[in-house]
Amino acid sequence: KTEECTSKTRGSHLLVDQRSRKESYYERAKSMFSPPCGQSHFERVISSSSSSSLSSSQITSTGNYHHQHNTKNALQKRKAPMKLFAHANNKNRMRSNKKVIDNSNKPYTPWALDLALIFNWTDIIDEEMREEKKSLNIFLDGANIAWQRGALLRKKFKCRQLPLSAGIIEALNYEHWSNHKVIAYLPKEYVIGELPNLCDGGGLATVNTEHVKYLQNGIWVNEKLKALVDEGKIQLVERKEGGDDDLTIIAEAKAKDAWICSNDQFRDHKNDKSLPFSGGRSLREFSRLRRFECNFLIAPGLDEKMLHAMQSAKGWEPKVGWEFDAFYKEESEKKRRNIVSSSNSSSDDDSNNNSSAHGSGRNDNPGALNGVLPFYAMPHEVLPCYFEPVPTAAMIEAKKLFEKKKDWSPPFVKKE
């Protein structure tokens, strides 16, 4: 009887193997992972703990013992349902994303709208934007702007080129930035220090004593800029090796999401590890998006003859040179007397000591102006010069693109 049962079992195995080859993968998977609510007779036999072995009648009624054994293991090791992965073709995931996306509380602000407020693009600014009075943070590269105005006057009138405080003052008082927070970052030696580095200074023969006053021990101060420092419109920066004023402007603008007005592209700081950027590319991208340039415009038609006429009409006379500073003049006379009284040398040595007492730089020479009027010292009433922010090429392209898509609105999906 045992041999007959074994032969019957082997025969049933062969028959079932032939049938299983004809079944599709879907039908076999469906039979293996059938839901527990509709258990078949075969599953109830497996789940029952009372029967430790299978009889021949159970084998013949269910089919294949090998198939039955694999199904038992699959039911015992049934896994949790598979998670949906984020994929473009997964429609279920896309349906769930529709419930998550909601930008109704965060309106989209194009880049060109902020640029319109900076450059006063009236064709983009509408009445709603004017009523909102959005305030932006604008940081000025004070040293760069001061030298920019001096270079313009040098090119126009062939006069001495100096860093001029008038450029910084005109940028701070730009009429279209009245609603914005404008701060100029300036090296300390541009406000107080020695004449060669001082705004409106340069030297003893070129110093504009209307703005610059002598303190003591060779230290001068620009009173115009000092008043703005007291008002909080100018931040002084300790300049060290490497140009720390540029690094301070970049770091502060990155931290406060501000705009930078400078003609310097900051390429020499691309490898500086102290900046909050991952590398030169990120700094270049930040400079492209947040830095704009500036220029100064002189009233058209102004020449030397007209300036002479305006000078006589306003009654303005230049006060350029150390002779117009009474305190420095008194101190220099004392030094000269001490040198003359203490020395019994020849007249040549006396003249050398006298020249050393008044400085020996290029702008300290009495003939430094070469007979040219000090146009850099002329006030705005005599020589009208206006500050103007200038957009970069990328900003101009952004304006053109915004004008093309002005009536377009991004399609946001709201909550269902």
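## Structural report on a predicted protein chain

Q311 has its place in helix α14 (residues 304–314), where helices (H or I, at least four residues) and strands (E, at least two) are DSSP runs numbered from the N terminus. With a relative accessible area of 9%, Q311 is buried; buried means under 20% relative accessible area, exposed over 50%, and partly exposed in between (1.4 Å probe, protein chains only). Residues up to four places away in sequence not being counted, Q311 touches W316, E317, P318, L373, M378 and V382, a contact being heavy atoms within 4.5 Å.

The model is predicted, so local features need pLDDT of at least 70 and side-chain atom pairs count only at pLDDT 80 or more, while totals for chains, interfaces and linings use all residues. Residues are numbered from 1 along each chain as its sequence is written, and side-chain values use heavy atoms, with hydrogens and water left out.

**Overall composition.** The protein chain holds 17 helices and 9 strands. Of its 416 residues, 34% count as buried. Among contacts in the protein chain with a separation of 6 or more, residues 24 or more positions apart account for 73%. The protein chain exposes about 26600 Å², of which carbon and sulfur atoms supply 50%; accessible areas come from the Shrake-Rupley method with a 1.4 Å probe, and for residues only the protein chains shown count as cover.

**Helix α10 and H211.** Helix α10 (residues 165–172) is largely enclosed by the rest of the structure, because 6 of its 8 residues are buried. The buried residues in α10 are S165, G167, I168, E170, A171 and L172. S165 is also one of the contacts of H211, which include D200, V221, N222, E223 and K224 when neighbours within four places in sequence are left aside. H211 itself is found in the loop between β3 (192–193) and β4 (212–216), and at 18% relative accessibility it counts as buried. The C-alpha atoms of H211 and A377 are separated by 9.1 Å, although these residues are 166 apart along the chain.

**Salt bridges.** A salt bridge is a side-chain nitrogen of Lys or Arg within 4 Å of a carboxyl oxygen of Asp or Glu. By this rule the count comes to 13 salt bridges. Three of these pairs are given below.

| Pair | N to O distance |
|---|---|
| K399 and D123 | 3.6 Å |
| E252 and K256 | 3.5 Å |
| E293 and R291 | 3.6 Å |

D123 is partly exposed, with a relative accessible area of 39%.

E252 and K256, by contrast, both lie in helix α12 (residues 244–256), 4 residues apart, about one turn of the helix. E252 is partly exposed at 27% relative accessible area, and K256 is partly exposed at 44%.

**Charged surface.** R154, K155, K158 and R362 form a positive surface patch. Such patches are made of residues with over 30% relative accessible area and no salt bridge, like charges being joined within 9 Å. Lys and Arg count as positive, and the place of a charge is taken as NZ of Lys or CZ of Arg. R154 is found in helix α9 (residues 142–157) and counts as partly exposed at 39% relative accessibility.

Terms used:
Patches are made of residues with over 30% relative accessible area and no salt bridge: like charges are joined within 9 Å, nonpolar side chains (Val, Leu, Ile, Met, Phe, Trp, Tyr) within 5 Å.
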